[in-house]
Amino acid sequence: MLRRIELSLKTDGLTVSQTAAGGMTAVDENARPLFSSPPALMWNSPKDTGDMEAKGVSAHAASPVDAQVADPSGGTQSDPADGPGNAASSTVLPIEVGEGSLAVVPDADLLANTHSADYPIYIDPSVGLDQTARTLLRSDGYTEYNWGNGSDNDGKGTGHCSSYDGYYCGPGYTQRLYFQFSPSKLAGKKVLSATFRVTETWSFTCDERSVDLIRTNNISSSTTWAGRPTHLGTAATRKVSAGRGTLCSPSQPEAPIEFTDSRLTKAASDFAAGKFSKLTLLLKAQDETDTSAWKRFKNNAVLSVTYVGLPAVPTGAGIVESGGTSCATDSADPDVVADPNPTMTAKVMTASGGGTGASLRARFYMQKRESDGWSVVTEPVRPSSGFVANNTVVSVASPVKLSEGPLYRMAVFARSYHDNGSSYVESHSTLTTKGWCYFTVDPTAPKAPKITFGGPYSLCTANACTPAGGPGIAGKFTFSQAAGDNNAAYQYKLSSSSAWSSPLPGSTAQPEIVPQLAGTQQLQVRAKDLANRWGAMAAVEFKVAEGQTAVGRWHFDDAKPNSGVTKAADTATEGVRHPATLYTAGTGWSGFGRRGDGDYSLWLNDTSNASQQNGYAATDQPAINTKSSFTVSAWAYPTDDSVYRTVMSEFGSDGSGFSLYYSSGVQRWVFVWYWYENGVRKYQGVNAAAAGIPLKTWTHLAAVYDASSSTRTISLYVNGRIQGTPVDLPSGSDMKISDGALQFGRDGYPAGGDRYWKGRVDEAAAWQRPLTQDEIATEARLLNADGTSGVELVAAWNPEGKSGTTLADTVSGYGRSLALSGGATLDGTSIALNGTDGAAATAGPVVDAKGSFTVSTEIALDSKALLSKPDGYTAQVLGQRAPDGSAWGLWYQRTGVETVLDDDFNEVTVPVGFWKFGRLEADGTFTAVQSDETAALDTPVRITGDFDGPSRVIRLFLDSNENDAGVEHTFTAMMGSGDFAVGKGYAAGDTNWGHYLPGKITDIGIWAGTAASSDQLSDMLRL
């Protein structure tokens, strides 16, 4: 007898595991599910008399009333390999996932009791994609995930399958069909109407029967009848009959059935807005006791929506002045214009994903300050006829002549039109992003001054814009007065700056201006007259050339662990190449790289083996000339902070040089400059601003030596931000000899040992010039050639199929485990939290809270438990603890209750609240981004937060939809070194853990780095 079937399993970059329902799932290195399978199904194939009846139609006409004729809609297939027929015996077989194998154990009873005439026996573990899924659930336990239409192309049935009017459908089970949709195509859109369409191929009677379309919780390959999804409300109902053909009069061929209802539109609209992660719709007979209501449907269901692109907040809003656009956001320092009909301008656009076919206009809104407040002056909508496409600049001269003297202010809205232009959706105004644009009208104030270029930069014209100079390279300019003016001073600013320079006195000024980034720059200049009045602005554009590229770049992705490779390539293109050699047994390659999936890094001494504690890598020759300006940078992953640890260094034969390292003495990152003076070794250092470093996380470090300044300076950057201010080097501290190798993971400090690094180093680079702060911020964002950013999955927990009190991370490779406590359980599909003491935690930190990171989870709130909480109750979904409370977290806050109607039109009270990403402060307020809409209840919601280290900006997403988009939420990062907690929080001022969350969490992922676009985020989250 056949006892076991075992197949070999080989994967590359996938983790395959068994689910709670006996199926299997495979996820990639970013914890994204690529495919899944329900349990295997085993069935025999006895002959079925119903097989000869096409849909059971002709049999009914020719058979006596008491005949029992099989209805193929109960499951009969013309080919028994398609699935179990009506008369077949079947059973579910769990899939066993082993190390390099998949196995099923055939059912001994089915083998023993199947007659030889009822062979062959089939065993079929089916595999399907999880993104847009469907499943069939039957009350007798049979499931079919991603079911097909069968060889007869008639689909599957829904309703009660028994006997009716001489027809035999089945032994009396109830069957339901579920369809699940992904939100990816709805990004950036507002749903106006929604229709669910599916083809009905057969009906028991010619009389119409009611079919309900119900929104439910999500499905997966593990979903069973016993654990069937919770109903979340009826979306639509149709009373229909189709598929009986000419037996009905008039004929009823198979037909597409459409479900359209305001409730379905509301659900689709909430779905598009990201209020829940997937839209799952159940197709079921309204009366599941009536066999005559049994119907068959194909698997071709679609959700068709009409939509309008969501308008985004306009950009580039301002008043058009000489050569450019200006928006003065300080009411005490407004722009000054001479024209009483000034031109207003802005670029209108839609949210990402909503731009195709958009019909847009801009609404300009101008006010004037009165003695008792502000009054509306004009609010023209342009273009006045027709529309503009996505990302179009719209301008309009004020239709009202303005008065001299009063203070005016202006904001702009975008409108997206639909219904042939009769209706529109309006965005938030530019007030939410940059604030009001203030200005006054004064034709007697100084006119726009003249700007003359003195090199190396030149004026951009309509036909030419020649790049010159580079970031950090000063340009010479001359500012002079316009004809008839008598100027006393000038101010300037680049478009990348929000603040004017200090006044430059005189009727003429000749500043040297240093651009920070490559690309086109706009220089804005204004003049002040002898009456102390600032006048109109002049603007010119010039193009900054790309700075000299890196003279050395080591990705450390040269080989896999244990490969024996001992050379790290220098992939820079500037100058001579300097590959690095790996030295001693303490070096190697790590399978964990800062760019994530498929990347590697330099592994150094990260073991307790005493013979592997002096590993490092070094170039054969100097990679940089330390006698000239330079910048070095690298990603560091420390695993020990008990002693001094060096990331990069270069020392000459005379002992002079630099070192970028961690000091256990001051417990900070340090950049030190060493030199000899009169035979005495001296040094000058610059330290990180904050003490402590997060172990086992990635941190970006950069060190700059600027020999071009008058005093020569050194600077230290951590995660793209300068630490303090540049430190002046004393006279005589310049390097005399620069003949040493560039070393990774070792120092050259003669009195203090080699200070070997312990951990990993990745993505190191060197430049023979001082990078600007903006350039270092760009380097810290680790951009790829395709415009995406390097992100590494550093933690992932998926409770699918898990039980017990510990949930291991089996995907990222970092191996952290969540320990459950209190009323937290693993129920096979989620981390179930009771909201009173249930939580899970692991030792932190998981990421450097001052560096860029992304955190995402899927959470279904428990509305009944939240209803018992008071208004203002705050619950942490997950987050990182800091010494004085919360470093960061995803939160829910209840703000009130509301009364709604359930499916039976009874009034029920439900809690109302919002999602937040940020920190709960000691006074109970949040420093956070808040969701645009109230949080959905009792259904899984995908919420994601990210923090950009260089800019210190946080964002919140529901699915891939950024909430409070366009508003820059700055966030003061705090070092997080305590527990990473799920379902509980520890806010500032707390003495114990609290803020418990009632709900179910089905997925958690954390990445080092942030997505460069919404498309990349969708790819990370596999939306």
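A disulfide is a pair of cysteine sulfur atoms within 2.5 Å. By this rule, the protein chain holds four disulfides. The model is predicted, so to speak of it is to speak of computed features: local features need pLDDT of at least 70, side-chain atom pairs count only at pLDDT 80 or more, and totals for chains, interfaces and linings use all residues. Residues are numbered from 1 along each chain as its sequence is written, and side-chain values use heavy atoms, with hydrogens and water left out.The bonded cysteines, counted along the chain, follow the pattern 1-2, 3-4, 5-6, 7-8.

The disulfide of Cys 460 and Cys 465 has its sulfur atoms 1.8 Å apart. The torsion about its S-S bond is about 40°, so this link is right-handed. Burial is expressed as relative accessible area: buried means under 20%, exposed over 50%, and partly exposed in between, with a 1.4 Å probe and protein chains only. Cys 460 is buried, at 14%. Cys 465 is partly exposed, at 28%.

Cys 206 and Cys 248 form another disulfide, with 1.8 Å between the sulfur atoms. The torsion about the S-S bond is -90°, and the link is left-handed. This pair connects distant parts of the chain, 42 residues apart. Cys 206 sits in the loop between strand E15 (189–203) and strand E16 (209–216). Cys 248 sits in the loop between strand E17 (231–240) and strand E18 (255–260). Strands (E, at least two residues) and helices (H or I, at least four) are DSSP runs, numbered from the N terminus. Cys 206 is partly exposed, with a relative accessible area of 29%. Cys 248 is buried, with a value of 5%.

Cys 327 and Cys 437 are also joined by a disulfide, S to S 2.0 Å. This link is left-handed, with -95° about the S-S bond.

Two strands pair if DSSP finds at least two bridges between them. Strand E22 (315–321) and strand E25 (343–348) run antiparallel and are joined by three bridges. Ile 319 has Met 344 in E25 as its bridge partner.

The packing of nonpolar residues was examined next. In soluble globular proteins, nonpolar side chains tend to be buried together. A nonpolar core is a set of buried Ala, Val, Leu, Ile, Met, Phe, Trp, Tyr and Cys residues joined through side-chain atoms within 4.5 Å. The largest such core has 90 residues. Phe 196, Leu 283, Trp 888 and Trp 915 touch the most other members. Helix H3 (262–272) gives the largest share of this core, five residues. A second, separate core has 43 residues, among them Trp 554, Ala 617, Val 686 and Ile 714.

The contacts of Phe 196 show its surroundings in the model. Contact means heavy atoms within 4.5 Å. Not counting residues up to four places away in sequence, Phe 196 touches Phe 179, Phe 181, Leu 213, Ile 257, Glu 258, Phe 259, Leu 264, Leu 281, Leu 283, Ala 301, Val 302 and Leu 303.
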